[in-house]
Structures are given as structure tokens and as C-alpha cells.
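This report looks at charged side chains that pair with one another. Please keep the sequence and the model in view while reading.

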Amino acid sequence: MKKQAHGHFPDDCWELIFQKLREDDERDLGSISLVSKRFLSISNQAKLRLNVNDGTLPLLPNLLRRFLHIGTIVIDTNAHKDIDRLLDQISRSGALNLQAIKFRSRLAEPPRDGFKALALNENIKNNLKFETVLSLSFLSFGLFVCKKLALIWDPFSAFHLVCN
Amino acid sequence: MASSIENNNEKLTLKSSDGEEFLVEKHVALQSTLLQNMLDSDCSSADVIPLPKIDARTLALVLGYCKKHADASSSKQGELNSFDSEFLKDMDMGALFNLVLAANFMEIKGLLDIAAQKIADTIKDKPHQEVREIFHVENDYTPEEEAAVREENRWAFEGFP
């Protein structure tokens, strides 16, 4: 291959490529952001989905500050107390594009305090419009936030915050 | 006057950055949203349409992709998928980058998606030093800056072998 620097390659094309990196393996993003300052900056824009497990939990506030375009947060932890705190952290973040929060595992009961905290964030509440709700998919249960909120507990393991 | 709808064999001429002209059937050209918009507006198909950012080699590839996708019926998705992977199979990185630029400029979403995916796949599991090599990107971090980014990225590598 002819040696050719790709410095002329526009940011939006790099961003398209970075968005095709594996979403479930953060190492791809880790490598990209260590390549150069420009790559770091583009990769921060390109990150649309964040996986949160017990290891990343303490870093969440930093990650939410870094990846401003996050649309989906996938939560993979069973600790109920942690999920309340986690949702509270999300509610206090600047995640303006947030459209879905997905849970990997089934919870014994809904994180009510966390949901209440989310409902109190005007930005998050207003961003998750009713139209987007229909396109959201969840593994075991979902979280919907709209302008008016109600907590519904479904004994068949599903519960939602829905418009009323 | 023959309208474009009556005349399905209507062709138009595209001109690459290095001056080569390509005669293209209109339904093939319509795979490109850019060309579609041009034809929908007042641009006559009798004109030569210059594509100053796309060289002849890349344009030939792009038009090969468009022809296959324009001619295939929607029921043959499996066939198109194998065409797509075969199409990109032995392509070098330079050609892939040219395809992304061309597909982005001509607004051919399907081609843009598969070419970008192919590039992303080549850097899977590669350490950043190798990614720099593949893309010929110069490291502009100072050792201190690189260490700071590495520290901030530690979470990304945790939980993996």
C-alpha cells in the first residue's frame, strides 16, 4: 500500500468509522484515543453507548463528562443501592442526548429513588420524548421518562416510568 | 419531449477528478442522493457532472457498487451482502478511505456504512501504536499527556483479558 497520511481525512468521516467500533468492548475506543489528540477528541464525540459495570461505576461522573453524546447507557450491575446512586449521578450529568437506559440483569425491585432523581432532571426528562419511547428496547425491563411521570410496577418483572 | 420517467435508458455522464468520463444509467446514478438531488433540481442529464473530489479508480468502484445495488431486487438481500463483502475483500486501506470520502460526498449511505465498518474492523484488538501505523497518524502527545490519557482510559481495558 502506498504510504499516505490520512491527515486530510475529515473529522466527520473519522467519526463515522469510530462509531463502527465494537460497542461492547471499550478497548477499541481506548486504543483510538491514545493515537493522537485529534483522535481523542473525535472519539469522545463518537461514543454513543456506554457500558457500566461494577468496575466502571466509580468513574461514571467522569465518563459522563467526557462522552457528551451518549445516547444509551447499559447497566450491568446487580447491586440495588448502586443503581439508585448511578441513576442519581446520571440525573445530575449533562447527558443531553440520553435516550435509553438498559439493564443487563433483572432487579428484584425498581430503583425508585433513582427514577425519581431522573424525573427531576429537566434536560433528561425533556429529551426523552414520547416519540422515542416506542423505539426503545430493553432486555428485562425498561425506563421511560416523559413530561409527566408515573411509576408503574409490573409484577412480571417489567416496570416503566410512563407518560400519563 | 421525452420525460425522464418515460425514458428508462436515460444516461448521464460523470467526470472524475482526473478527467475520465463515465456514462452511467440514470437508475444506477440514483443510488447517490447527491446525484438524485441534482437531477431533481434543474440539472439536465445532458450535462457532464463533474466530481472533482473523486478519482477515476474510486469512481469506477463506486459505480460498480451502485450498479449491483440498483439492479438487484430487494428480495435478494443475501446476495447483496455477499457481493458487499466480496467487493471490499482485498481492498487496501487507501482505497477504502477513498471510498468513504466518495460515498460521503455522493451520499451513498449503504456504501459509506460498509466501507467505514471495514476500516473499523481492521483496527479491532489492535494496540494504539499499531493503529497509528495503519492510519499513518503521527503521535502528537507528549509522554506526560499520553500517560494521562492512558490513566483516564484504564477503565476501558478492565475486565478484559
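## Salt bridges in the model

B:Lys124 and B:Asp121 form a salt bridge, with their closest N and O atoms 3.7 Å apart; the term stands for a side-chain nitrogen of Lys or Arg within 4 Å of a carboxyl oxygen of Asp or Glu. The model is predicted, so local features need pLDDT of at least 70 and side-chain atom pairs count only at pLDDT 80 or more, while totals for chains, interfaces and linings use all residues. Residues are numbered from 1 along each chain as its sequence is written, chains are lettered from A and ligands numbered from 1 in the order in which they are written, and side-chain values use heavy atoms, leaving out hydrogens and water.

Over all chains, the search finds 14 salt bridges, and the table gives some of them.

| Pair | N to O distance |
|---|---|
| B:Lys124 and B:Asp121 | 3.7 Å |
| B:Lys68 and B:Glu79 | 3.2 Å |
| B:Arg132 and B:Glu146 | 3.5 Å |

B:Lys68 has a relative accessible area of 27% and is partly exposed, and B:Glu79, at 38%, is also partly exposed; here buried means under 20% relative accessible area, exposed over 50%, and partly exposed in between (1.4 Å probe, protein chains only).

In the pair of B:Arg132 and B:Glu146, by contrast, both residues are buried, and B:Glu146 has a relative accessible area of 13%. Leaving aside neighbours within four places in sequence, B:Glu146 is in contact (heavy atoms within 4.5 Å) with residues including A:Leu34, B:His128 and B:Tyr141.
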